[in-house]
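This briefing is meant to be read beside the sequence and the 3D view.

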Amino acid sequence: MGDLGKRLARGEVAAFAELYDLCADRLHHYLVYQLGSRDDADEVLQETFLRLVRGREKLAGVESMTGYSFMIARNEALRRLAARSNESRRRAEAAELFLEATHDDHEVREAAEELTMALARLRPEQREVVELKCYGGLTLAEIADVTAAPPGTVATRYRTAIGILRDWFSRTCHD
Amino acid sequence: MTDDMTDEWPDELARLSPQKAPAELRPRVLAAVSEALSAAANTTATRKRRKPRWERALELATAASLLIGIGMNLWQARPDATWREQAVRRALEAKAIAAKQPDGSAARAIAHADAAKADARTSWERYHQLLRDLAATTATFKL
């Protein structure tokens, strides 16, 4: 990662392509969840990479390039959300988040929708930790850096979120 | 950090695959990245072509010194020129006043001073002539 950081800092296009392949899918999924729209996620993902280009001198010293990219993407997403603060926040649909939501099998599709509903029940800060942990592939320490929250708080949010989801799943299974 | 709980997540979450970024987004993003890097490289090259700061400072200092020198020269010359102008004016005024004197005493004084000057010049010339004559003669000084 150190080598990638140095190449990014030198402004090598190939290094940015490598970084894109490393984390663009995960970043995009996170941005869809944050912004509630795949089109907006496309734009913000592009803006994230442009921001990385503009601040590339700092990248040589970055420990976790994925974590740092998530932090930039999060800032861009929050800026976008702040700009449209008068509109109600749009919630991403299951089909925008999970491949299984468009599956031919009805049961698979239903499971994806249920999970999306379960995730929607979480508080935003809990949901964000779950997204970053489970689908972003970040460690709790990286999530603490990305969200600028104390590590203990992040761990608590994650534990609470997992408890809520387990509870939801157990109840829906019994139903 | 409780890393032992990092793998602790419900199977339901793991069972689902997140949607990926659209395939057409990759070339778009990388083209924008490439364009931004080229623009940044051009800006850097332009910056490098510009003279270094110390060189510009030196040029400015030289130009400023030159201007200050010219200014000081002009300043120095200005009172002198004024003084000369005033001296000529005073002399002319004195001569004009002397010329108006009915007894002509001042005029005589001026004429006398002028004559003295002329005489001084003549004496100097006479002195040189005397030296030349002495050199030409064979006579020696008698002790």
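**Briefing on the predicted model**

In this predicted model, helix α4 (residues 65-83) of chain A packs with α8(A) at an angle of about 35°, and the two axes lie 9 Å apart. The crossing of α4(A) and α8(A) is right-handed.

**The α4(A) and α8(A) contact**

- On the α4(A) side the contact is made by A:G67, A:F70, A:M71 and A:R74, while α8(A) contributes A:E142, A:D145 and A:V146.
- Sorted by class, the residues in the contact of α4(A) with α8(A) are 3 nonpolar, 1 polar and 3 charged.

**Helix α6(A)**

- The 15 residues of α6(A) should span 21 Å at 1.5 Å a residue, and this agrees with its end C-alpha atoms, which are 21 Å apart.
- Buried residues in α6(A) are A:A111, A:A112, A:L115, A:T116, A:A118 and A:L119.
- Viewed down the axis of α6(A), these buried residues fall within an arc of 160°, so they line one face of the helix.
- On the other side of α6(A), the residues A:H106, A:E107, A:M117 and A:A120 are exposed.

**Chain A against chain B**

- Between the chains, 35 residues of chain A are in contact with 27 residues of chain B.
- Among the elements of chain A that give two or more residues to the side touching chain B are α2 (13-35), α6 (106-120), α8 (140-147) and α9 (151-174).
- The element that gives the most to this side of chain A is α2(A), with 9 residues.
- By class, the side of chain A that touches chain B comprises 24 nonpolar, 5 polar and 6 charged residues.

Definitions and conventions
Residues numbered from 1 in each chain as written. Chains lettered and ligands numbered in written order. Predicted model: local features only at pLDDT ≥ 70, side-chain atom pairs only at ≥ 80, totals over all residues. Contact = placed C-beta atoms within 7 Å. Helix = DSSP H or I, 4+ residues; strand = E, 2+ residues; numbered from the N terminus. Nonpolar A, V, L, I, M, F, W, Y, C, P; charged D, E, K, R; others polar. Axes fitted to C-alpha atoms, helices over the stretch in contact; angles between N-to-C directions. Left-handed = near helix turned anticlockwise from the far one by under 90°. Expected span 1.5 Å × (residues − 1). Buried ≥ 20, exposed ≤ 12 C-beta atoms within 10 Å, placed from the backbone. Arc of directions from axis to C-beta.
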